[in-house]
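Hi everyone, thanks for coming.

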Amino acid sequence: MKRKRIWAGCLAAVLAVSLAGCVDQHPDVAANGTVDTDNLRIVATSPATVDICDKLELDLVGVSSSTLSPIPERYSDVTQVGTAMSPDLEILKSLNPDYVLSPSSLQSDLQPKYASIGVNSLFLNLKSVEGIYASIEGLGERFHRQEQAQALVDEFNAFMEEYKQKNVGKESPRVLVLMGLPGSYIVATENSYVGSLVRLAGGINVYEGTDQEFLTANTEDMQTKDPDIILRAAHALPDQVMEMFADEFETNDIWKHFRAVQEGKVYDLSYDKFGMSAKFNYPEALEELQPMLYGEAS
């Protein structure tokens, strides 16, 4: 009997790009796209890619450095290669990796750098929850971890089958999502990770219909969208960003004319659950969103 996959369509659509960006096909790749994983040297350059490798029980020779995301125990003694956005190319090259795994959101910047030091790279689509599981399936096939990957995908499907019933029949709120950086902010669309969580929770992004992850929009345009709810997230340095948002909403008079502000429906999202890349704590993120979007206990 075929395994039930309620999100198969989403996974298939994302899988096409989830492993895009190989720099020269590696010689140990077989005709079916898998590789001989004996003694394979893999580096994961972001906390999210490290977590995926941990779930798939893959050994790593290099991991990202992060003060905000703990490194899984199995990699506690593994060489750190720098941050996700700026991995140390000298350290990377010295590790002589067969593959370097990074988020696809950084591909345009990192792929030329990896090519310059002659290392193979795979870029994983971590822009949505569906994307992370498509990436897991792709890695499972490539690195002979099909069993581990299938267990994770089955867990996701079971969760979504139950979760999608939670808000059936409820009116979908229209949501403006702001992504802040120290001193500025942009609009997060449904194609961003935060936006994908809002979509999974049943919310409608007021800037839907674009293929971009983030947009620059002025407050006058935002006001014309008349969002029911405003969500504020941080790209980095969350304490500074939330202080910036508080000051912006207090001192910029136009925000006082937003219905969401007048009704007290402006919420700050937890940095550890609503970052730039999909993570395995998405159930907790959806639980946090529930009372914000529907005004009730989750």
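Helix H6, residues 146-163, and helix H11, residues 282-294, have axes that come within 12 Å and cross at roughly 15°, so the two helices are roughly parallel to each other. Under 35 degrees counts as roughly parallel, over 145 as roughly antiparallel, 65 to 115 as roughly perpendicular, and the rest as oblique. Axes here are lines fitted to C-alpha atoms, for helices over the stretch in contact, and angles run from 0 to 180 degrees between N-to-C directions. Helices (H or I, at least four residues) and strands (E, at least two) are DSSP runs, numbered from the N terminus.

Before going on: this is a predicted model, where local features need pLDDT of at least 70, side-chain atom pairs count only at pLDDT 80 or more, and totals for chains, interfaces and linings use all residues. Residues are numbered from 1 along each chain as its sequence is written, and side-chain values use heavy atoms, leaving out hydrogens and water.

Which residues of H6 and H11 make the contact? On H6 they are Phe156, Phe159 and Tyr163, and on H11 they are Tyr282, Pro283, Leu286 and Gln290; contact means heavy atoms within 4.5 Å. Six of the residues in this contact are nonpolar, one is polar and none is charged. In that count, Ala, Val, Leu, Ile, Met, Phe, Trp, Tyr, Cys and Pro are nonpolar, Asp, Glu, Lys and Arg are charged, and the others, Gly among them, are polar.

Now for a sheet. Five strands form an open sheet in the order S3-S2-S1-S4-S5, with parallel pairing; two strands pair if DSSP finds at least two bridges between them. At the edges sit S3 (79-80) and S5 (121-124), each pairing on one side only. S2, residues 62-63, runs parallel to S3 and is joined to it by two bridges, with glycine 62 partnered by threonine 79 of S3. Helix H2 (residues 47-55) packs on this sheet, touching S1 (42-44), S2, S4 (99-103) and S5, and its direction makes about 120° with that of S4. Helix H5 (residues 129-142) packs on the sheet too, touching S4 and S5, with a direction at about 150° to that of S5.

In the loop between S2 and S3 you'll find serine 64. Is serine 64 buried or exposed? It is buried, with a relative accessible area of 4%. The cut-offs are under 20% relative accessible area for buried, over 50% for exposed, and partly exposed in between, using a 1.4 Å probe and protein chains only. Leaving aside residues up to four places away in sequence, the residues serine 64 touches include Ala44, Pro47 and Gln80.

My last stop is strand S10, residues 229-234. Six of its six residues are buried, so S10 is largely enclosed by the rest of the structure. Ile229, Leu231 and Ala233 point one way, while Ile230, Arg232 and Ala234 point the other. In S11, aspartate 268 stands opposite arginine 232.

Finally, look at leucine 237, in the loop between S10 and helix H9 (238-251). Its phi is near 45°, a positive value in a residue other than glycine, and at 46% relative accessibility leucine 237 counts as partly exposed.
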